[in-house]
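Trainee: I am new to this structure. Could you take me through it, step by step?

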Amino acid sequence: MPLDLIVTVDTEEEGLWSGTFRSRQNTVANIQEVPRFQQLCDRFGIRPTYLVDWPVLEDQPAVRILDGIQQAGGCEIGAHLHPWCNPPLAEAVTPHETYMCNLTESAQRDKLVALTDRVQQRFGQRPTSFRAGRYGLDATGARLLAELGYRVD
């Protein structure tokens, strides 16, 4: 009996384990290693979903790498929301506000719309897969995702 395997990769800025949540000047040099991982996926017939966040979307070399893989049919590009670095940006971010579910409905919507539109601009397709950073999804966020056409969280 065939087994389905779903591989998702949080494709995001570096330095997240330092305990700080920078809204700007994040680096994404780690994306340079994605082709090595993709070769492994290709070898085993796995089509991963790269869930990209705002800093990745703003880095042209990272977008080129991921778009090349997508154009070759090797992956799906989804969205990954980190509230602290996804516009519109708040003046200050507290640890509480690093979870999407702790934002107001309006703030959740504004950030989701900005992220969804930016993924579509960068990759030519509207994303249908999503992951909230820090797994901070609530019923409000789930409803907003459905309204925006997402099918998978």
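Mentor: Two ground rules. This is a predicted model, where local features need pLDDT of at least 70, side-chain atom pairs count only at pLDDT 80 or more, and totals for chains, interfaces and linings use all residues. Residues are numbered from 1 along each chain as its sequence is written, and side-chain values use heavy atoms, with hydrogens and water left out.

Trainee: In what order do the four strands of the open sheet stand?

Mentor: Helices (H or I, at least four residues) and strands (E, at least two) are DSSP runs, numbered from the N terminus. Two strands pair if DSSP finds at least two bridges between them. Here the pairing is parallel, and the order is S1-S2-S3-S4.

Trainee: Why is one side of S1 and of S4 left without a neighbour in the sheet?

Mentor: Look at S1 (8–11) and S4 (130–132). Each has a single partner strand, so one side stays without a neighbour; both stand at the edges.

Trainee: How many bridges join S2 to S3?

Mentor: S2 covers residues 49–52 and S3 covers residues 76–81. Val52 stands opposite Ala79 in S3. The two strands run parallel, and the number of bridges joining them is four.

Trainee: Which strands does helix H3 touch?

Mentor: Contact means heavy atoms within 4.5 Å. Angles run from 0 to 180 degrees between N-to-C directions, with axes fitted to C-alpha atoms, for helices over the stretch in contact. H3 (residues 60–71) makes about 150° with the direction of S2. It packs on the sheet, touching S1, S2 and S3.

Trainee: At what angle does helix H4 run to S3?

Mentor: H4 spans residues 105–123. It lies across S2, S3 and S4, and its angle to S3 is about 150°.

Trainee: Is Thr116 buried or exposed?

Mentor: Thr116 lies in helix H4. Buried means under 20% relative accessible area, exposed over 50%, partly exposed in between (1.4 Å probe, protein chains only). At 1% relative accessibility, Thr116 is buried.

Trainee: Which residue's side chain joins that of Thr116 in a polar contact?

Mentor: A polar contact is a pair of N or O atoms within 3.5 Å; within protein, one must be able to donate a hydrogen and the other to accept it, and residues adjacent in sequence count only if both atoms are side-chain atoms. The one here spans 2.6 Å, and the partner is Tyr150.

Trainee: How many disulfides does the structure hold?

Mentor: A disulfide is a pair of cysteine sulfur atoms within 2.5 Å. For Cys41, the nearest cysteine sulfur, that of Cys75, is 9.4 Å away. The count is zero.
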